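Here are a few exercises to work through with the model open in your viewer. Try each task before you read its solution.

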Amino acid sequence: MKFKGYRRPDGKIGIRNHVLILPCSLCASETARFISSQVPGSVYIPNQGGCAIVKADLEITLKVLSGFAANPNVYGTVVVGNTCEIVQADLLVGRIKELTNKPVEKVVIRDAGGTIKAAELGVKYAMQMSIEASKCVKEEADISELILATECGGSDPTSGLAANPTLGYVSDKLVSLGGISILSETSELVGTEDILAPRCKDEKTAERLLEIIKNNEEYFEKAGESLRDGNPSTGNKEGGLTTLEEKSLGCIHKAGYSTIMKVYDYGEQIDTNEKGLVVMDTPGQDVASVAAMAAGGAQIVIFTTGRGTPTGSGIVPVIKITGNAETAELMADNIDFDASAIIGGKSSIEEKGEELFELMLQIADGRKSKAEALGFNDMSMARKCNFC
Amino acid sequence: MYNCVVINPNDTAGTLTTDVLAGDTVNYNINGKDYSLKAEEKIKIFHKIALKDIKKGDVIIKYGCKIGYATEDIKKGAHIHTHNLDSKMTN
């Protein structure tokens, strides 16, 4: 099975051809937006971090930002720095160059002489990249080169019954065809340890998986909070969920039944040679989770929802699916795929799964998802500590 | 009309997609084959129903996986929830 994409000089294949305007910090974000607004088709990422952060968070930020630039959906990147932030432009450019040989340029606002002069330079770089990017011709690639990120948010009782099993079918099919699928959201794996550990490829992988779940629980305990207390919530129980295992199973079902081959840190580069289902250690917050998987190299996201959510990503197309017929109708602007026919027994998981797989291929080939058509570039990043 | 979803053929708990009353027929489909049973009691939409007789201490299966243990004998067609299902095995 094939899809069409852009072959990058580093060998990877992208399904979009973005020129990325990438601010090093919150202080450079507005100038980056200003530059992007002058170059049609370029994308910029609002960056809330990058300064007043501890060392561990510097590492996370560098990983995510350089990962965005290295994402195969990106043609090239213009890094925009202020002057005094912790994520220095040179530092970020260096990290990008460690990951990829794609085009990268840098503008520092103070060095350029303020926002207007920085924008002049930034627009010049971005415009040139935009022309070069437009010369790229799509080529056929095997489906095994596709990395799918799975995500769920705004869940309701239909998520575990229709939307997540449908995505699970797509994930298993992609894995069987030699591709990579990523399961994320560590906080939602709590309670599924006994189920997931035996599904790991070997003991080492299982140990690592149990470790990220344990670390996640302990992190909250240190702050005096608990992920298990009151979970499932009163509302969950009212809705029919009884145990934490049951709730978490509904969530992990979006990754199907495949063997877990590897466990990655937040935003870590996905090894394209290690095929199959993998896990990434991300928080349950949808946007920060999608950001990490995009930084890891996922080219496409399928996102299940019950209540509906509009979020998208500047780097990767996000496909929204729901099992809730009312949500599909009320939020038709935001929902790409309606799997609710499964609930009434009018369709099966397999039938909807095949349709969703076909939609994924169409979107890989260039059809826009709803969030893309709306131009959404939601951005959030996980942090170890509060801002200093 | 189907009014129950069973995700995995090994499941012992199904999820209702309508409210049911005692004596109502519950219909579901697994891999193209139709099944039905009688609801033993009133059960709300999206709550679980026992697809077979379950003994106290037995694991209860949904998604093809264990979601906990039966804390009492559960009759086919009965409501499965916090009163008869728990994460931990109890004596």
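Arg7(A), Glu139(A) and Glu145(A) are linked in a network of salt bridges, a salt bridge being a side-chain nitrogen of Lys or Arg within 4 Å of a carboxyl oxygen of Asp or Glu. Before going on, note that this is a predicted model, where local features need pLDDT of at least 70, side-chain atom pairs count only at pLDDT 80 or more, and totals for chains, interfaces and linings use all residues. Residues are numbered from 1 along each chain as its sequence is written, chains are lettered from A and ligands numbered from 1 in the order in which they are written, and side-chain values use heavy atoms, with hydrogens and water left out.

**Exercise 1. Find the strands that pair with strand 5 of chain A, and say how they run.**

Step 1. Helices (H or I, at least four residues) and strands (E, at least two) are DSSP runs, numbered from the N terminus. Two strands pair if DSSP finds at least two bridges between them.

Step 2. Strand 3 (residues 18-23) runs parallel to strand 5, with 6 bridges joining them. Here His18(A) sits opposite Val74(A).

Step 3. Strand 6 (residues 104-108) also pairs with strand 5 in the parallel sense, over 5 bridges. Val78(A) has Glu105(A) as its bridge partner.

Step 4. Now check burial (under 20% relative accessible area is buried, over 50% exposed, in between partly exposed; 1.4 Å probe, protein chains only). In strand 5 (residues 74-81), 8 of the 8 residues are buried, so the strand is largely enclosed by the rest of the structure.

**Exercise 2. Work out what the buried residues of helix 2 of chain A pack against.**

Step 1. Helix 2 covers residues 55-70, and 12 of its 16 residues are buried. Among them are Leu58(A), Ile60(A) and Phe68(A).

Step 2. These buried residues pack against strand 3, strand 5, helix 3 and helix 11 (286-296).

Step 3. There's a salt bridge here too: Arg95(A) and Glu59(A), with the closest N and O atoms 2.7 Å apart. Arg95(A) is in helix 3 and Glu59(A) in helix 2, so the pair ties together parts 36 residues apart in sequence.

**Exercise 3. Which residue forms a salt bridge with Lys2(A)?**

Step 1. The partner is Asp142(A), with the closest N and O atoms 3.8 Å apart.

Step 2. Lys2(A) lies in strand 1 (residues 2-7) and Asp142(A) in strand 7 (residues 139-142), so the pair ties together parts that are 140 residues apart in sequence.

Step 3. Lys2(A) is partly exposed at 46% relative accessibility, and Asp142(A) is partly exposed at 27%.

Definitions and conventions:
Expected span 1.5 Å × (residues − 1). Contact = heavy atoms within 4.5 Å.
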